[in-house]
Amino acid sequence: MPPQPQERKNFLEFLRSPYGVLRVLQIVLGAGLWVTIAANKYEGSIHFVLFVAVLFWLLTLALFFLTLLDKQDLVPIVGGERWLLSNLVHDLAATALYLPAIGIMIYKTEKNEYCNLEHYKHYCLYKVYLVASVFACLTAAAYLVSAIYGSCRKCRGQQTLV
């Protein structure tokens, strides 16, 4: 059965809202980060970066689809009228955990910058870490903007994301 016109309108309304755009951006940038890391050799503290990226990518994907399908009332305890607050807490936690991940990526990038020389013959992770650092910074910025936007909506007394 095809979606009803009202449901289609809700889809488009959410996707065009600032939260919808930010969620899509978070999903794309988060996927870019963890795919960049997972597709290459990694070790040590990069495991934490990969954990943060995959965890919040999955959580953001779940929040996105629950909101897109307007099923947030089905989520016990944090759904319904607490949905905006739940999204706000998620965005703040993501921002807080992405900050050390950014620090780790920048440290690893600087540590491997010696192998960026033209005549260096061995396998070099400098460019991988540099791209991952950029993805981590952009993803953290998207979560921060989302948290600020959610805080503004919450302070105005609004209860919904759209």
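Predicted model: local features only at pLDDT ≥ 70, side-chain atom pairs only at ≥ 80, totals over all residues.

Q: How do the residues lining the largest pocket divide into nonpolar, polar and charged?
A: The lining has 5 nonpolar, 6 polar and 3 charged residues. Ala, Val, Leu, Ile, Met, Phe, Trp, Tyr, Cys and Pro count as nonpolar, Asp, Glu, Lys and Arg as charged, and the others, Gly among them, as polar. A pocket is an open set of points on a 1 Å grid over the protein atoms alone, where a 1.4 Å probe fits, with protein on both sides within 12 Å along at least five of seven lines; lining residues have an atom within 4 Å of a point.

Q: How much space lies in that largest pocket?
A: About 270 Å³. That volume is the space filled by probe spheres set on the grid points, which are joined across faces, edges and corners.

Q: How many helices and strands are in the chain?
A: 5 helices and 0 strands. Along the sequence the pattern reads α-α-α-α-α. Helices (H or I, at least four residues) and strands (E, at least two) are DSSP runs, numbered from the N terminus.

Q: What does the C-alpha trace span?
A: About 60 × 35 × 25 Å along its principal axes.

Q: Now the packing. At what angle do α2 and α3 pack?
A: Helix α2 (residues 18–38) and helix α3 (residues 46–68) pack at about 150°, with their axes 9 Å apart. Axes are lines fitted to C-alpha atoms, for helices over the stretch in contact, and angles run from 0 to 180 degrees between N-to-C directions. α2 and α3 are therefore roughly antiparallel. That label needs an angle over 145 degrees; under 35 is roughly parallel, 65 to 115 roughly perpendicular, and the rest oblique.

Q: Which residues of α2 and α3 make the contact?
A: Among them are Trp34 and Ile37 of α2 and Trp57 and Phe64 of α3. Contact means heavy atoms within 4.5 Å. By class, this contact of α2 with α3 has 16 nonpolar, 4 polar and 1 charged residues.

Q: What about α2 and α4, parallel or antiparallel?
A: The axes of α2 and helix α4 (residues 83–111) come within 14 Å and cross at roughly 30°. That makes α2 roughly parallel to α4. Their contact includes Tyr19 and Arg23 of α2 and His90 and Tyr98 of α4.

Q: Last pair: where do α4 and α5 stand, parallel or antiparallel?
A: α4 and helix α5 (residues 126–155) have axes that come within 8 Å and cross at roughly 155°. They are therefore roughly antiparallel. Their contact has 19 nonpolar, 8 polar and 4 charged residues.

Key. Residues numbered from 1 in each chain as written. Heavy atoms only, no water.
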